Amino acid sequence: MNKDTVRKERKKRASVPELFGEKYRPQVHFSAAKYWINDPNGLVWHRGTYHLFYQHNPTGNHWGNMHWGHAISQDLVHWEHRPIALHADPLGLGYMFSGCAVSDEENSSGMGSAGQPPLVALYTSCTVEGVQSQSLAYSLDDGDTWQQYDANPVIQNPGVRDFRDPKVFWHEPSSRWILSLAAYDRISFYASRNLIEWTHLSDFSKPDGSHSGVWECPDLFPLNTESGDKKWLLVISVSPEHSTRDESVQYFVGEFDGSTFIPDDNGERWLDYGADNYGAVTWEGIPPKDGRRIAIGWMSSWRYAKEMPTYPWRGNMTIPRELRLVKGTSGFELASLPVREIEGIRTGIIEIPQASVGAAATRDIFCDLPPDLLDLDLHFKLPQGELEPFGIRFANGNDENVEIAIDMASGKLVVDRTHVGQAVPNPKLVERLEAPLRKGSESLSLRLIKDVASVEVFADEGRSVVSANLFYDAPFDRVETFGPDEVTLGGEVSVLASIWRERCSDV
């Protein structure tokens, strides 16, 4: 890819429809056309289509009046906005909080018919008085329209204030559906043969993991290790609204016998060490021949989501990520990287020959890059001994910059956004974010997805991940490398195309 290609891509971006061309509007991440969104819901692969439902207020740029928004994709990158799936019902069930969806292929629920298996959604219905229960809706037209089950709710509130976010999967060994549910400081497991009648099985609670906030959005699923053995993962979001932590999506590795989850240990492990990944859950129904476990999260934080300086939309999703189990220093760890489908929006690839991070040829390559939409896949070779931090910097002529630094001396991946967005309303949007790194390596990988106003950084093959929004005062206009001459850099860089070239007619 040369300078002419870069200039052509910039010209194409100028044609992005006005509705998706606002300041800060993500160009490679999903966002609703207008108004507020938060947690992803109902992630399901059904008949060749990925469905993404999400918490949505269709009447304003603030949280409240919760509906289920809906989008579909064939490739996890380009999304088609669809009509609202579940509508708020203030005089009845209430508001449509988080939940899940499954393809009921055997029609165990009885909601479908021969040859027409239903899509079934289990979600939290929250009354105007704040009572949270679990309800069911179903679709007989591949998710286009939904009907409420006439005997909702299917799981009554037992007297718990925070009782929400069901996530369901089919457990083949016991031939039944298993449901995970957040109940303040614990995860409750239920079982059903028909998705309607549920029996409580067990609870997973203290002292395991972090309890710095309310537990939400559980997801229980199996994952194979690198050697082919199976482990179970329990992913839980910890609300950071009243917490001092930046991390918010924790996970446990353990065993599940069909009734009880037993963790290998009670330590804290985090899917993402950034501030902007919450409510992350995975798609159900992805065919075995694909074999991937793919997650997506809400790219924001409850500590400042309501103050994010965007209009007429507020909130977007992370890049979908493939999850893998890898061996770590204290047992198995969860690693994640952007899904391979991202390669489909690369406009070309610049090969970077291995050279010093400070070499003139290296600086020239990065100097010519447009700093908004990039996919960097870099590999650093490290000499022995103490090293100064090294990495990538995005900057502008307004003295703003964001540094993505590798600090091997302290064993940390650092995303420093303290020198950007001084005019944004919440100081938490300009903090320094850190993720631990393994020490002693002779090389290090760094994958980076840069959008207009965000960055997702994956170091050490996805073991260390930081997601961060970047609300600059002035757009970035240059990309730089920095670090000691002894560190060499190679790999490839791609300029990405916007996914919003064509405005959807139904938004």
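A nonpolar core is a set of buried Ala, Val, Leu, Ile, Met, Phe, Trp, Tyr and Cys residues joined through side-chain atoms within 4.5 Å; buried means under 20% relative accessible area with a 1.4 Å probe, protein chains only. The model is predicted: local features need pLDDT of at least 70, side-chain atom pairs count only at pLDDT 80 or more, and totals for linings use all residues. Residues are numbered from 1 along each chain, and side-chain values use heavy atoms, without hydrogens and water.

**Exercise 1.** Describe the largest nonpolar core.

Solution.
- Step 1: This core has 108 residues.
- Step 2: Phe366, Leu378, Ile404 and Leu413 have the most contacts inside it.
- Step 3: Take Phe366. Beyond its neighbours within four places in sequence, its contacts (heavy atoms within 4.5 Å) include Ile352, Leu378 and Val493.
- Step 4: A second, separate core has 20 residues, among them Val102 and Trp177.

**Exercise 2.** Find what lines the largest pocket.

Solution.
- Step 1: On a 1 Å grid over the protein atoms alone, a pocket is an open set of points with protein on both sides within 12 Å along at least five of seven lines; lining residues have an atom within 4 Å of a point.
- Step 2: The lining has 30 residues; Pro222, Glu284, Gly285, Ile286 and Arg293 lie nearest the centre.
- Step 3: Strand 13 (215-224) is one of the strands that supply at least two lining residues. Strand 13 gives the most, five. Strands are DSSP runs (E, at least two residues), numbered from the N terminus.
- Step 4: By class, the lining has 17 nonpolar, five polar and eight charged residues.

Conventions: On a 1 Å grid over the protein atoms alone, a cavity is a set of points where a 1.4 Å probe fits but cannot get out, and a pocket is an open set with protein on both sides within 12 Å along at least five of seven lines; lining residues have an atom within 4 Å of a point. Helices (H or I, at least four residues) and strands (E, at least two) are DSSP runs, numbered from the N terminus. Ala, Val, Leu, Ile, Met, Phe, Trp, Tyr, Cys and Pro count as nonpolar, Asp, Glu, Lys and Arg as charged, and the others, Gly among them, as polar. Buried means under 20% relative accessible area, exposed over 50%, partly exposed in between (1.4 Å probe, protein chains only).
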